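Hi,

Here is the structure I promised to pass on.

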Amino acid sequence: MSAFDDRLWTRLVDEHDADRVALGSVPKQRSKRPLLVGASGVAAVSVAGVFAAVLSLAGGASNAFAGWTPQPTAPTAAQLAAAKAYCATNVPTPGLPLELTDTRGPFTFLVYSDDSSNDFCTIGPSFRNASGWSTSPPVTVPAGRLYLWDEHTTTHVEQSYGFVIARAGEGVSAARLTLEDGTEVTATVQNGWAVAWWPGTHQLTSAQLATPSGTQTQTFAPSPCGHPLHKCRPGGPHGAAPGGGPGGG
Amino acid sequence: MCNATTAGAHLRDVTASNIKRDVARVDGSSRLEFEAVYRENVRPVTAFFARRCRDPQHVADLTSQTFVEAIKSANTFQGRGSATAWLIAIARRVYANHLADQASGIDLIDQLGGRLVLEHDEVEDLAARIDAQRDGKELLERAARLSSLEREAIELVDLMGLTPTDAARVLDVSPNALRVRLFRAHKRLRKELGDVRL
């Protein structure tokens with residue numbers, strides 16, 4: 001919380017006993033907007049501990065990912081404006097520089113970072129996700145390689161998706177990811193970041209990276225955290241980027 | 001000053017009774033600590049006012065007022081919707097009352113025993129939050145031809161991430177009516193602004 005948030009809370013406590021107040025009753029998880037807090041596994045070296053994730057599926061989500069495309073698409077101005085507006089309010093650390101915009105049909109995935117604080121945010125017709133983590137110190141990414149911060153699958157209401165957030169080493173200008181079922185997904189690479197996501201539970205197995213010296217292949221070991229039934233906590237057992245960290249591939 | 005056009009005139013119809021009707025009974029079996037609610041929602045509530053006001057002091061006052069009102073009516077929270085939706089419903093009422101006070105020449109809210117005088121860093125923080133809402137304000141301004149209900153539906157669902165059901169509760173309409181309004185609003189926006197993909 002910011003100085004204003006803390007000071008207002010102090011005043012609410014001092015003048016209105018806010019710390020002794022509780023809301024009347026809470027439903028037992030029957031909300032149609034379920035929240036999966038902390039369900040994302042964040043692979044990070046030296047995670048400082050800032051993490052919050054909110055995933056919501058709205059409107060029944062019979063096909064939460066309708067319109068998704070394996071290749072990035074160009075966002076419209078209004079689509080981008082809506083994503084930025086949502087993300088500005090919901091990411092843990094508002095105000096970080098926008099480093100990457102990945103758009104796939106009606107879905108927009110934004111990455112904000114100042115190299116130590118990192119937020120990512122997804123907005124689409126049926127689900128939203130605002131998360132963040134902090135790192136200390138900033139990592140050095142090997143040239144021509146990907147360094148995975150997060151490779152993760154989230155399951156909710158029979159709707160699963162995986163995503164990769166990676167730092168792209170110097171020289172990486174494009175990345176085509178291959179999943180364990182052979183599906184190919186083109187990542188968005190911008191400002192030293194690479195991001196891709198896909199419906200389903202399949203994990204990333206390799207990446208074809210376009211570099212000045214030609215196409216490089218980087219392979220990734222399966223991550224236990226990627227399994228939909230195996231949720232990892234931030235900085236959890238899959239630790240420093242499953243197979244794709246500094247030693248990955 | 002805060003922007004009256006963002007909210008729409010029908011906001012004045014949102015009264016305390018609207019909210020209390022939804023939160024009439026408490027079983028007390030499972031209680032939600034207000035501090036957790038505050039910490040989770042202070043930014044969305046601030047953002048709600050940041051889309052309406054240019055002055056950080058106004059944003060601070062209205063945010064304060066919203067949480068004071070929430071404390072006063074905490075025991076009426078029934079939990080049928082999310083706490084966020086409940087708070088935003090209160091924020092709408094606070095804002096509507098603020099507009100009414102402005103129209104009557106009454107100065108700002110004084111429910112905290114005096115205005116929360118902001119420190120310099122707090123002014124900067126709130127100014128940054130107001131600035132961060134430019135895109136949201138722009139989107140709502142581009143939706144100016146829609147009805148106020150449709151604009152608010154877009155704000156609650158598309159910008160704030162509430163479910164249509166929660167948004168319907170905030171706006172005091174049926175979920176089906178909300179979905180229809182939202183569908184129409186998206187359709188009109190797509191038609192008028194191009195492929196909005198909202």
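Let me start with a helix in chain B. In α8(B), the buried residues are B:E150, B:R151, B:E152, B:A153, B:I154, B:E155, B:L156, B:V157, B:D158 and B:L159. By "buried" I mean 20 or more other C-beta atoms within 10 Å of the residue's own, with 12 or fewer for exposed, partly exposed in between, and C-beta atoms placed from the backbone. That is 10 of the 12 residues of α8(B) (residues 148-159), so the helix is largely enclosed by the rest of the structure. After α8(B) comes B:G161, with a positive phi near 85°. Helices (H or I, at least four residues) and strands (E, at least two) are DSSP runs, numbered from the N terminus.

Before I go on, some housekeeping. This is a predicted model, where local features need pLDDT of at least 70 and side-chain atom pairs count only at pLDDT 80 or more, while totals for chains, interfaces and linings use all residues. Residues are numbered from 1 along each chain as its sequence is written, and chains are lettered from A and ligands numbered from 1 in the order in which they are written.

Now chain A. It has 2 helices and 14 strands, and 49% of its 249 residues count as buried. Taking contacts between residues at least 6 apart in sequence, 61% join residues at least 24 apart; a contact here means C-beta atoms, placed from the backbone, within 7 Å.

The sheet I'd look at is an open one of 4 strands in chain A, in the order β10-β9-β13-β14, with antiparallel pairing. Strands count as paired if DSSP finds at least two bridges between them. β10 (184-186) and β14 (214-219) stand at the edges with a single partner strand each, so one side of each has no neighbour in the sheet. On average, neighbouring strands are turned by 20° against each other, direction ignored. Axes are lines fitted to C-alpha atoms, for helices over the stretch in contact, and angles run from 0 to 180 degrees between N-to-C directions.

A:R176 has a bridge partner in each: A:T186 in β10(A) and A:Q208 in β13(A). A:L177, for its part, stands opposite A:V185 in β10(A). A:A175, A:L177 and A:L179 make up the covered face of β9(A), while A:A174, A:R176 and A:T178 make up the uncovered one. The hairpin of β9(A) and β10(A) has 4 residues between the strands, and in it A:G182 takes a positive phi near 95°.

β3(A) (residues 98-104) is mostly covered, with 6 of its 7 residues buried. It pairs with β4(A) (residues 107-113) in the antiparallel sense over 6 bridges, and A:T103 stands opposite A:T108. With 2 residues between the strands, this hairpin has A:G105 at a positive phi near 60°.

Which residues touch the most other members of the largest nonpolar core? They are A:L146, A:V164, A:A175, A:A194 and A:V195, in a core of 105 residues. A nonpolar core is a set of buried Ala, Val, Leu, Ile, Met, Phe, Trp, Tyr and Cys residues joined through C-beta atoms within 7 Å. Its largest share, 11 residues, comes from helix α5(B) (residues 83-103). Domain 1 (1-132) and domain 2 (135-198) of chain B both contribute residues, so the core lies between them; those bounds come from an automatic or database domain assignment.

The two chains also meet helix to helix. α1(A) packs against α6(B) (residues 120-132) at an angle of about 115°, with the axes 8 Å apart. A:A3, A:F4 and A:R7 make the contact from α1(A), and B:D121, B:E122, B:D125 and B:L126 from α6(B).

A:D17 lies in the loop between α1 (3-16) and β1 (22-23) of chain A, and is exposed, with 11 other C-beta atoms within 10 Å.

Cheers

Conventions
Two residues are in contact if their C-beta atoms, placed from the backbone, lie within 7 Å.
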